[in-house]
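Visitor: Hello! Could you walk me through this structure, one question at a time?

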Amino acid sequence: VRSRWSLKCAQETTESPASGTAVQTSILKPQASVRKPQTTLPHLHFPQRDRHLNGRRWAVWGMLCAGALGPAHARLWSISPYKFVRRVPWTGPIFWVPAMQVTRLDQLDACRQISAAWDSMAHGVPFRRTAWLLSWWNHFQASGDLCVLQVSDQQGEIVGIAPWYIDSSVRQGRVIRPLGSGDTCSDYLGILTTTEHEPQVTEALARWLVAAAEGKHGAENRWDLLDLVSVDAQDPIMLHFTGQLQEVGNHVHPCDAMSCWQIELPETWDEYLAKLSRTQRKRVRRMDRKWLESGVTCLQTATTADEVEHAMDVLVDLHQQRQQSLGNPGCFADQAFAEFLREAAQRMLQEQTLQLHWMELEGKPFAAEFQLTSGETTYAFLGGISCDMQESSPGQIIQIAIFKQSIAQRQRVFDFLRGAE
């Protein structure tokens, strides 16, 4: 079980549940300015005229001020043109951490220009890639303003990205949310960084957010609530990020959320069968012989743009047919979602991360699955089955075929994503 986090507003800080449970977390901006460090010295500040000085000058003053307290009281300071922010207690040598530059991108074209750097930091999660998130924004942007925060080092290299947007409402005010959130049900969202810059990126983002909440980056960047959904509860980057926000006076609140379910796939189909109970193994073998080994049907996978369009038509029809039989409107009742998923499918096909399957019986489709792959992991996002074949368990037939194909392709993890179904 992969637990997930999400960030929601509350008035008191709470501790996150023990590892292994699904939680939702929330972050409220500080009610007042960032707290100044408590020292026996007078308040430390830089005069207005000195704000043009470069980062090295700031750092030198920070070292002098901290060193004046003596080794027993020394602190590692992070200096900005506006405030001192205490980070962590430090009793060793005082050193300078290179500053990071945070830039907000509010135009889609600007985000597309950094797609190579963006995708390189997705760390194998297809829901974090531009093909998924920017396609989502193409069809859901009416709900807010783009707020992608780009973090660059001193050489101008992009080392971090926070793919967010700002949603405004009368009840909650200006809320920062991740791209791909909402009813789309994207999973494993988060902050993107290079491996070697994770702490610096999260600290830079935390400082930028605090300043933005206080109006120091302009009215267009002010925010009231940071609502981050679909976050892996064990994501070390998000854990460090929320810790940084707490440290500068924000309230972080975990809330329950649905878990993501995974199974490990062995190297061979026989090894997989051996892991099943005797009853399950017998049933799977019987269905495999009847439907797959006999050649009655087979798994078909879209490999061209035209086949993707055909497979999407099949998926929409079967999904809506099944959900409406259960009294639900179905995902594709939302036109924006339907258009988004078609665009994302075509872009994912070009990146070779799309696995769009369907199966037919006597020329009539009876099951379809929309899945994404990355590395050795397959993510099952959405499916549909024919109501005319429910007695034959069409969902189990296509699942057996997909498992056999995934094992043959050396996939090692199958992720069913959120929910208990």
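**Strands and side chains**

Guide: Gladly! Strand E15 (residues 354–361) and strand E16 (residues 364–374) run antiparallel, and eight bridges join them. Please keep in mind that this is a predicted model.

Visitor: Which residue in E16 is the bridge partner of Leu361?

Guide: Leu361 belongs to E15, which covers residues 354–361. E16 covers residues 364–374. The bridge partner of Leu361 in E16 is Lys364.

Visitor: Which are the edge strands of the open sheet of six strands?

Guide: The order of this sheet is E13-E18-E17-E16-E15-E14, with mixed pairing.

Visitor: Is Arg177 buried or exposed?

Guide: Arg177 is in strand E8 (residues 173–178). Buried means under 20% relative accessible area. Arg177 has a relative accessible area of 15%, so Arg177 is buried.

Visitor: With which residue does the side chain of Arg177 make a polar contact?

Guide: Not counting residues up to four places away in sequence, Arg177 touches Trp164, Tyr165, Asp167, Gln172 and Asp227. At 3.1 Å, the side chain of Arg177 makes a polar contact with the side chain of Gln172.

Visitor: What is the length of the polar contact that joins the side chains of Gln346 and Glu309?

Guide: Gln346 lies in helix H10 (residues 335–350) and counts as buried at 19% relative accessibility. Gln346 and Glu309 are 37 residues apart along the chain, with their C-alpha atoms separated by 8.5 Å. The polar contact between the side chains of Gln346 and Glu309 is 3.2 Å.

Definitions and conventions. Residues are numbered from 1 along each chain as its sequence is written. This is a predicted model: local features need pLDDT of at least 70, side-chain atom pairs count only at pLDDT 80 or more; totals for chains, interfaces and linings use all residues. Side-chain values use heavy atoms; hydrogens and water are left out. Helices (H or I, at least four residues) and strands (E, at least two) are DSSP runs, numbered from the N terminus. Buried means under 20% relative accessible area, exposed over 50%, partly exposed in between (1.4 Å probe, protein chains only). A polar contact is a pair of N or O atoms within 3.5 Å; within protein, one must be able to donate a hydrogen and the other to accept it, and residues adjacent in sequence count only if both atoms are side-chain atoms. Contact means heavy atoms within 4.5 Å. Two strands pair if DSSP finds at least two bridges between them.
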